Amino acid sequence: MKYVFLTGTNRGLGEATAKIFKDSKIISITRSGVEETGNIHKAFSVDFSDTDAMEHFVPEIFNSVDPDETDEVYLLNVAGIVDPVKAVSNLSSDDMLTNYKVNVVAPTLLIKGFVNRFKDFGGEKRIVTVTSGAARGPVEGWSVYCSSKAAVNMIHSVLNKENVHQGNNIKSAVFYPGVIDTGMQEVIRASDIKEFPNVDRFKEYKETNKLAKAEDVAAALHKVVTLEDFGSEESYDVKDYI
Ligand SMILES: NC(=O)c1ccc[n+]([C@@H]2O[C@H](COP(=O)([O-])OP(=O)(O)OC[C@H]3O[C@@H](n4cnc5c(N)ncnc54)[C@H](OP(=O)(O)O)[C@@H]3O)[C@@H](O)[C@H]2O)c1
């Protein structure tokens, strides 16, 4: 049995991931409420854009399990937002900060909590954060999203160096999920073409069934994080595991 700390459990890729880890005990961390039934061992509710609340809840989340009861602990940072979808010339600091808090600060605080809580844990420790191709390639209208995912990639790269230096024995990587048929794609398709010139391409992805099913991407994520040599790569791409 493994404990899996999971964000975004209530919908989209996070919900599909919770289902695929059916033999694990999930510690769910979401904004919208999730019931403690089935493999949802514990459910915490916190808005990731409220950094003070995150600071408060993170130790409680990781203290909610007894490391002596398991051999494996995973942290899967899945939750994320694409907004604001706006040209740089139209951005507001509030929009930018909300995105960075949800996409960068919250997963990093969870990583911090995980590292500290399981410092003396002798079992298997693994962290995956879901990133995006937008971290590597600029997309008009997505400056904040692209930069948030690039930031998370770099946090993992630094973490990997610190893990070695500090002897944390944590394996960590980012996961590129491709384009998935979730609520995030609905938000993208509803974007204003003036802010997001590529909107028609994303509408076409939906119309021509180019979007992957969340269940298939979750299965690939499961394959990746349970690889025997997981962590030997800094990043994994869904296309190699689907
Ligand atoms: N869908 C794609 O094509 C695609 C492509 C590349 C990367 N990704 C990445 O894949 C991951 C999963 O996305 P998805 O497609 O499953 O998106 P989704 O269906 O829109 O789900 C987003 C999840 O993030 C949570 N969330 C949003 N704002 C939050 C907040 N303030 N506090 C706590 N949780 C919050 C949502 O909870 P609420 O229900 O409370 O809003 C929901 O559980 C994200 O990291 C995304 O960047 C997705």
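Serine 191 touches Val85, Phe196 and Val199, leaving aside residues up to four places away in sequence. The model is predicted. Serine 191 sits in the loop between helix H5 (183-189) and helix H6 (199-207).

**Serine 191**
- Serine 191 counts as buried because its relative accessibility is 13%, under the 20% cut-off.
- Its side chain reaches the backbone oxygen of isoleucine 188 at 2.8 Å.

**Helix pair H2 and H3**
- The axes of helix H2 (residues 51-63) and helix H3 (residues 93-117) come within 9 Å. They cross at roughly 35°.
- The H2/H3 crossing is right-handed.
- On the H2 side, the contact involves Thr51, Met54, Glu55, Val58, Ile61, Phe62 and Asn63.
- On the H3 side, the residues are Lys101, Val105, Ala106, Leu109, Leu110, Lys112, Gly113, Phe114 and Arg117.
- By class, this contact has nine nonpolar, three polar and four charged residues.

**Nonpolar cores**
- In soluble globular proteins, nonpolar side chains tend to be buried together.
- The largest nonpolar core here has 27 residues. Phe5, Phe62 and Leu110 have the most contacts inside it.
- Strand E1 (2-7), strand E2 (25-30), H2, strand E4 (72-77) and H3 each give two or more residues to this core.
- H3 supplies the largest share, seven residues.

**Backbone: cis peptide bond**
- The peptide bond from aspartate 83 to proline 84 is cis, with omega near 5°.
- Proline 84 lies in the loop between E4 and H3.

**Backbone: positive phi**
- Asparagine 169 has a positive phi of about 60°, although it is not a glycine. Its loop runs between helix H4 (143-166) and strand E6 (170-176).
- Asparagine 169 is partly exposed because its relative accessible area is 48%, between the 20% and 50% cut-offs.
- Asparagine 209 is not a glycine either, yet has a positive phi of about 55°. This asparagine is placed in the loop between H6 and helix H7 (214-225).
- Asparagine 209 counts as exposed because its relative accessibility is 69%, over the 50% cut-off.

Note on methods. Residues are numbered from 1 along each chain as its sequence is written. This is a predicted model: local features need pLDDT of at least 70, side-chain atom pairs count only at pLDDT 80 or more; totals for chains, interfaces and linings use all residues. Side-chain values use heavy atoms; hydrogens and water are left out. Axes are lines fitted to C-alpha atoms, for helices over the stretch in contact, and angles run from 0 to 180 degrees between N-to-C directions. Helices (H or I, at least four residues) and strands (E, at least two) are DSSP runs, numbered from the N terminus. A crossing is left-handed if the near helix is turned anticlockwise from the far one by less than a right angle, and right-handed if clockwise. Contact means heavy atoms within 4.5 Å. Ala, Val, Leu, Ile, Met, Phe, Trp, Tyr, Cys and Pro count as nonpolar, Asp, Glu, Lys and Arg as charged, and the others, Gly among them, as polar. Buried means under 20% relative accessible area, exposed over 50%, partly exposed in between (1.4 Å probe, protein chains only). A polar contact is a pair of N or O atoms within 3.5 Å; within protein, one must be able to donate a hydrogen and the other to accept it, and residues adjacent in sequence count only if both atoms are side-chain atoms. A nonpolar core is a set of buried Ala, Val, Leu, Ile, Met, Phe, Trp, Tyr and Cys residues joined through side-chain atoms within 4.5 Å.
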